[in-house]
Amino acid sequence: MDERRGDRALLERIALYRHRRELPPIQPVLVNELAEWLRAHGTDPLTYVSDLFERHQIVFVGHHTPTRRAGLFLQDLVAAAYRSGVGIVAIEYACVDDQTRLDAVVTGTTFDEPLAREALLRWGIRHNFAYREYLDVLSAVWEVNRRFVGGGAPMRVLGLDYDLDLDAVTDTADLRTSYAWPHLRSRGPVSAHMCEVLLAEVIEPGHRALVLTRTAHALTRARRLPHRVWDAIDAEVVGGYVVGAANRLYEVVADRAVTVLIHEPLPADGEQCDYALVADGVLDATFAMNDDLAVPLAFDVDRGPPARLGCTTSLDREPLGSLATGWIYLERDYERRAPTPLPEPVPAVHMEHARRYALDPVLRDRQSTVGDFAAAVSESAAAAELAWTQVL
């Protein structure tokens with residue numbers, strides 16, 4: 001889509017979005033103030049995140065929906081973080097049970113892609129998550145170790161999740177219901193487990209870590225209200241609020257941990273749809289109306305005009321300044337593209353394992369095929385690309 005035409009269409013959608021929610025038109029003075037601030041304080045995202053390690057030991061970079069551009073950015077971020085003294089890339093989408101595989105992958109004499117895919121299969125099969133751009137984050141760490149690490153310790157990829165106790169449920173149980181998860185999570189809430197791994201492997205030894213998670217586990221100060229879909233299973237809810245891994249870590253280490261979010265729609269209040277425009281569309285409108293604002297762009301949202309941008313249509317109705325310290329505007333919504341599904345995401349040799357660890361009853365069935373798993377991953381990729389179109 002032509003950029004100017006795309007921006008015009010986006011502005012029309014924002015206007016309709018605000019009209020449907022009985023919000024007034026966006027005031028030009030607000031857009032101008034925000035644009036001026038972004039010109040003065042915005043910077044390259046790789047530089048922005050790297051510089052945070054001068055003041056923080058752990059930087060969480062979170063986004064809810066995988067995209068091609070976000071995956072490519074995370075790959076580039078690995079080398080930038082290493083140059084800032086970061087020795088660990090911790091990822092939600094791998095399990096500690098596969099740590100030996102992860103270590104072998106990133107320190108091998110060649111990049112062993114089949115082994116890398118095995119290391120991500122245990123977590124990925126739960127969420128139909130098997131994408132080229134995210135697998136290549138492991139390749140980016142291997143490349144750092146091949147090119148830059150001399151006689152020192154290699155950069156590590158640290159798995160944060162853990163294996164589910166599938167012996168605690170029947171083979172026919174629907175693992176997409178909340179009833180199964182207290183049994184599956186035999187080692188306690190995943191938020192607590194991820195926090196314990198980071199404390200033991202990063203904080204106590206005095207390392208620095210780039211932590212890549214979904215938004216739910218990337219929020220340090222903010223606590224979210226539960227979303228009826230995204231928090232229906234495998235979520236820890238305390239006092240009516242979802243508690244993520246970064247919430248737990250922040251309780252222990254305070255601002256040694258910090259949150260940066262990649263721009264994308266926020267969880268909506270559910271009155272009209274499941275997604276809400278960030279700041280009720282003000283941020284997107286600012287970029288659409290100012291061609292000179294470079295994209296991608298990173299900036300603080302805990303100070304200046306961005307900190308005051310509220311989101312009355314999101315689930316939590318919080319200003320950006322309460323959600324994160326930093327924000328990364330990688331791409332406009334209409335530019336979002338699906339991550340690339342891996343060909344044959346589940347090799348035939350791993351089908352028995354995949355059936356056991358899948359959440360979908362259709363995939364858990366003994367008659368499911370390699371093609372069924374490939375179709376499920378492709379459907380998830382398509383849903384990720386179209387997520388922004390569901391902001392009605």
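A residue is called buried when its relative accessible area is under 20%, exposed when that area is over 50%, and partly exposed in between, as judged with a 1.4 Å probe on protein chains only. The structure is a predicted model, in which local features need pLDDT of at least 70 and side-chain atom pairs count only at pLDDT 80 or more, while totals for chains, interfaces and linings use all residues. Residues are numbered from 1 along each chain as its sequence is written, and side-chain values use heavy atoms, with hydrogens and water left out.

Helices (H or I, at least four residues) and strands (E, at least two) are DSSP runs numbered from the N terminus. Of the 14 residues of α9, 11 are buried, so the helix is mostly covered. The buried set runs through V190, S191, A192, H193, M194 and C195, and also holds V197, L198, L199, V202 and I203. Among the elements that cover these residues, by contact (heavy atoms within 4.5 Å), are the strands β1 (58–62), β2 (88–95), β3 (156–161) and β4 (209–213), together with α10 and α11 (245–253).

Attention now turns to the second largest pocket. A pocket is an open set of points on a 1 Å grid over the protein atoms alone, where a 1.4 Å probe fits and protein lies on both sides within 12 Å along at least five of seven lines; lining residues have an atom within 4 Å of a point. The second largest pocket holds about 240 Å³ of space, a volume being the space filled by probe spheres set on the points, which are joined across faces, edges and corners. It is lined by 20 residues, of which R117, E118, L121, L342 and P345 are the closest to its centre. Helix α6 (113–124) gives the most to this lining, with six residues, and α7 (132–147) supplies at least two.

Some backbone details deserve a look as well. The peptide bond from V295 to P296 is cis, with omega near 10 degrees, and P296 sits in the loop between α12 (282–289) and β10 (297–300). Two non-glycine residues have positive phi: D234, at about 55 degrees, and A279, near 55 degrees. D234 is partly exposed, at 22% relative accessible area, whereas A279 is buried, at 1%.
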